[in-house]
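Please have the viewer open as you read.

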Amino acid sequence: MESVDKLKVTAAVALVAIGVAGFYLVPANQGALRVLAVIAGLLLAAATVWFSQPGRDFVDYARDSIKEAQKVVWPTRKETWQVTGIVFAFVGVLAIFMWAVDSGLAWVFYDLILGRK
């Protein structure tokens with residue numbers, strides 16, 4: 001990253017910090033102005049980052065992510081219910097198995113080895 005881009009990113013972080021500081025410096029009874037200070041800081045920071053190379057790289061990455069998300073084949077409602085049913089069935093079987101193992105080990109240790117009743 002070039003030094004100019006580092007300066008832009010640093011300025012963006014500073015603008016966000018100034019927006020947050022503005023939130024706390026404005027009196028509490030002026031809620032809209034407090035929120036406006038934070039939003040202004042975020043918008044100015046976004047505009048600053050937009051013109052840096054990391055900002056352009058991020059926008060390219062976001063566009064590519066949207067394109068890839070559009071390629072996803074989502075399951076139908078029937079497939080979703082079927083898979084959900086399989087998951088619930090597996091959880092039920094696993095719970096019964098773990099209960100059986102726990103009960104068996106408790107019987108072995110407490111009744112057979114220690115002789116407690």
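1. Let me start with R63 and D60, which sit three residues apart in helix α3 and are therefore separated by about one helical turn. In this predicted model, their side chains meet in a salt bridge, with an N to O distance of 4.0 Å. D60 has a relative accessible area of 40%, so this residue counts as partly exposed.

2. How many salt bridges does the structure hold? There are two. Besides the pair above, K71 forms a salt bridge with E68, and here the closest N and O atoms are 3.2 Å apart. K71 counts as exposed because its relative accessibility is 59%, while E68, with a relative accessible area of 46%, is partly exposed.

3. R34 may be the residue you want to look at next. This arginine lies in helix α2, which covers residues 31–50. Is R34 buried or exposed? R34 is buried, yet has no salt bridge. The nearest side chain of opposite charge belongs to D5, 33 Å away. Once neighbours within four places in sequence are set aside, the contacts of R34 are F23, Y24, V26, P27 and A28.

4. Now for the helix pair. Helix α1 spans residues 3–25 and packs against α2 at an angle of about 175 degrees, the two axes lying 7 Å apart. Because angles over 145 degrees count as roughly antiparallel, α1 is described as roughly antiparallel to α2. On the α1 side, the residues making the contact include K8, A11, A12, L15, F23 and Y24. On the α2 side, R34 takes part, and others among them are V35, A37, V38, T48 and V49.

5. Finally, please take a look at S52, placed in the loop between α2 and α3, the latter helix being residues 53–70. With a relative accessibility of 0%, S52 counts as buried, because the cut-off is under 20%.

Terms used
Residues numbered from 1 in each chain as written. Predicted model: local features only at pLDDT ≥ 70, side-chain atom pairs only at ≥ 80, totals over all residues. Heavy atoms only, no water. Helix = DSSP H or I, 4+ residues; strand = E, 2+ residues; numbered from the N terminus. Buried < 20%, exposed > 50% of the residue type's maximum accessible area, 1.4 Å probe, protein only. Lys, Arg positive; Asp, Glu negative; His and termini not counted. Contact = heavy atoms within 4.5 Å. Axes fitted to C-alpha atoms, helices over the stretch in contact; angles between N-to-C directions. Parallel < 35°, antiparallel > 145°, perpendicular 65-115°, else oblique.
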